[in-house]
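Here is a short briefing on one model. Look it over before reading the points below.

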Amino acid sequence: MINLQNIEKVYRTSTIETLALNNINLHIRTGEFVSIMGPSGCGKSTLLNLMGLLDAPSAGRVEIGGETVTQYRDKELARLRNQKIGFIFQSFHLINDLSVLDNVEIPLLYRKGDASGPSRRQLAREALEKVGLSNRMNHFPNQLSGGQKQRVAIARAIVGQPSIILADEPTGNLDSAMGNEIMSILQQLNADGATIVMVTHDETMAKKTHRLVRLFDGAMVGDSVLMSNA
Amino acid sequence: MIRHLFKLIWNKKKAHTLLIIEIWASFLVLFGLSSLIVFNVSNYNQPLGFTYENVWAIDLRNNQDTVAVTAKMQTIMQRIRSYAEVESASRMSSNYPFSASTMNNNATHDKATAMAYLFVADGDFAKTLQMPLTAGRWYTPADSIGKFRPVVINQLAKDELFGNEDPLGKVITSGDGQYKVMGVVETFKSKGEFQGDKPTIFEQLNENAPWDKTVLIRVKPGTDAVFEAKLVKDITSMAPEWGAEVTYLTDSRQNQHNLALVPVTIFLIICGFLLINVALGLFGILNVSIARRRGEIGLRRALGATESSISWHFVGEMWVLATFAVVLGLILAGQFPLMNVFDLDTGVYLKAILISVVVVYAIVTLCAVYPSRQAATVQPAVALHEE
Ligand SMILES: Nc1ncnc2c1ncn2[C@@H]1O[C@H](COP(=O)(O)OP(=O)(O)OP(=O)(O)O)[C@@H](O)[C@H]1O
Ligand SMILES: [Mg+2]
């Protein structure tokens, strides 16, 4: 589903050059639930961003669902982000001036000639039901708790029924009870067929996934299958 | 998508108030500016109604000499007409075309009245100034024996006094006298191209009166100052105490133009500055407000927005805001034609409104496209990272 070959990512500023990722080779199969761990600054977010087509690698090849995106231009990248990938951020990234329902609807707005207004709203409502937030649809983000915000973000990630869900520390800003709730939603989505890659600092969360990839200083230092879950 | 835009704008209405005011003010400045330009252009486009090249005005003054003024004047006219260099000559009141002096009078016909420019001129006036007539004919000396003295009017005077009625042969009242309309000329912009046409009446000159001693002459092309000197010398030898001052109509036209152009130029410069200010101000505000939303732009692109849909999003938002501002502006601008402030044609205001609407949308579009384009070319990860 996701295939990374010889990935390298260098951040250049006028003064310093950071090698954030070095020679990453990673193949993630359809239906897998993979967690990525490593110390702060080791390149986890960078790796996830490359998988989510939110940034371009300095070298190497990215394949998403069999499509090699290296030569892809803005339009094709946007289509893939919109249709195949759902992204969940540590800091939620909700638009504060829009209601919960309007936030969740956004990915559908960028879909060509698709669903009408009412059917988009119906899909958004269903997504919110899946994350248990149907009673907060007309609230605004700043009227919600952190856990509720993250559930809105998950609803937004899944509303377009993408085959891949990428989550960057989805529980990082939440207490453990909330974190567990989010985790069980992700597990349910995975059970329903989504391929999930999740960055986490939390061993107990990682243990609930199929496969654990460890990064250190931009390099992959471990890739283990957690048999108990697979 | 439009619904989405409206919601976003509605929910941010407080933040947008400043922008709307900014666009509203820009619109009003543009409206004032384009009204003036449209007004001047439409005036300029009206035909002058006569030709002035090779026409000279000779201003005659009898000074202390009160003996046989009319006889001397008639002799001088005869002499002037006899030169080979003179194609045509006409005696008239002192307010010759492009001169600084004006005469006007209230004219009435039935219940209609018009404040009209008044020119007193003899039968050769139209010929000397090559004025085309649209109806009737110019009066001749033979017309002076009728019950009413003859006049020619311009189209505007005809419209105001007669409406759709045929004016030929009808009588108008002007001052103490009554006059019969002999002909109609199209326009007569005696103050130059920049001034709009005004209702105008040409009244037959009384050749036996001692006043109205300005002579217009049309000279052959190439006639120069040598002839001018000779002319003045001849006139003063016929009437030694008199003064004669020759003005070329091309020169007095230039003076009138300079007078008309000074305020227009100053206004254009001020408006140009205002426009630049307004455009820069708008650009600044939009740039900041869009830059502040880089995170949102990154997010939208992460969710599948293309670069161009980001640009359209912001252009759409700004168009909605501009529409609010323009509607508010129109309520104000609409008062000008409705209340007839400044006595301009409604058409002038409508054109001005159209121009300012187009320009406002153009500025707003440019001001939205540029920063949103720039923000959208940043990788989504980078934009989100910055937030
Ligand atoms: N936009 C950027 N410009 C320059 N350097 C960057 C940028 N983003 C990340 N880096 C650098 O790249 C390296 C990897 O960053 P990354 O955000 O991927 O780390 P991380 O593993 O996600 O850390 P954390 O657990 O703290 O989120 C770091 O050294 C970071 O300073
Ligand atoms: Mg990170």
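What are the percentages of helix and strand over residues 348-370 of chain B, and how far apart are the end C-alpha atoms? The span is 100% helix and 0% strand, with its end C-alpha atoms 33 Å apart. Helices (H or I, at least four residues) and strands (E, at least two) are DSSP runs, numbered from the N terminus.

This is a predicted model, where local features need pLDDT of at least 70, side-chain atom pairs count only at pLDDT 80 or more, and totals for chains, interfaces and linings use all residues. Residues are numbered from 1 along each chain as its sequence is written, chains are lettered from A and ligands numbered from 1 in the order in which they are written, and side-chain values use heavy atoms, with hydrogens and water left out.

**Overall form of chain B**
- Chain B holds twelve helices and eleven strands.
- Its C-alpha trace spans about 100 × 50 × 30 Å along the principal axes.
- The radius of gyration of chain B is 31 Å, whereas a compact globule of 387 residues would have one near 21 Å. The radius is taken over C-alpha atoms, and the globule rule is 2.2 Å times the number of residues to the power 0.38.
- Of the 387 residues in chain B, 48% are buried. Buried means under 20% relative accessible area, exposed over 50%, and partly exposed in between (1.4 Å probe, protein chains only).
- Among contacts in chain B between residues at least 6 apart in sequence, 81% join residues at least 24 apart. A contact means heavy atoms within 4.5 Å.

**Annotated regions**
- UniProt, in an unreviewed entry, lists residues 21-41, 260-289, 310-336 and 348-370 of chain B as "transmembrane region". UniProt positions are in the numbering used here, feature names are shortened, and annotations may be inferred rather than shown by experiment.
- Residues 260-289 of chain B are 100% helix and 0% strand, and their end C-alpha atoms are 43 Å apart.
- The unreviewed UniProt entry places "domain: MacB-like periplasmic core" at residues 73-224 of chain B. That span is 14% helix and 38% strand, with end C-alpha atoms 24 Å apart.

**Single residues**
- B:Arg373 sits in helix 11 (residues 346-377) of chain B. B:Arg373 counts as exposed because its relative accessibility is 51%.
- The C-alpha atoms of B:Arg373 and B:Glu307 are separated by 6.9 Å, though the residues are 66 apart along the chain.
- B:Phe98 is not a glycine, yet has a positive phi of about 70°. B:Phe98 lies in the loop between strand 2 (86-92) and strand 3 (104-109) of chain B. With a relative accessible area of 3%, B:Phe98 is buried.
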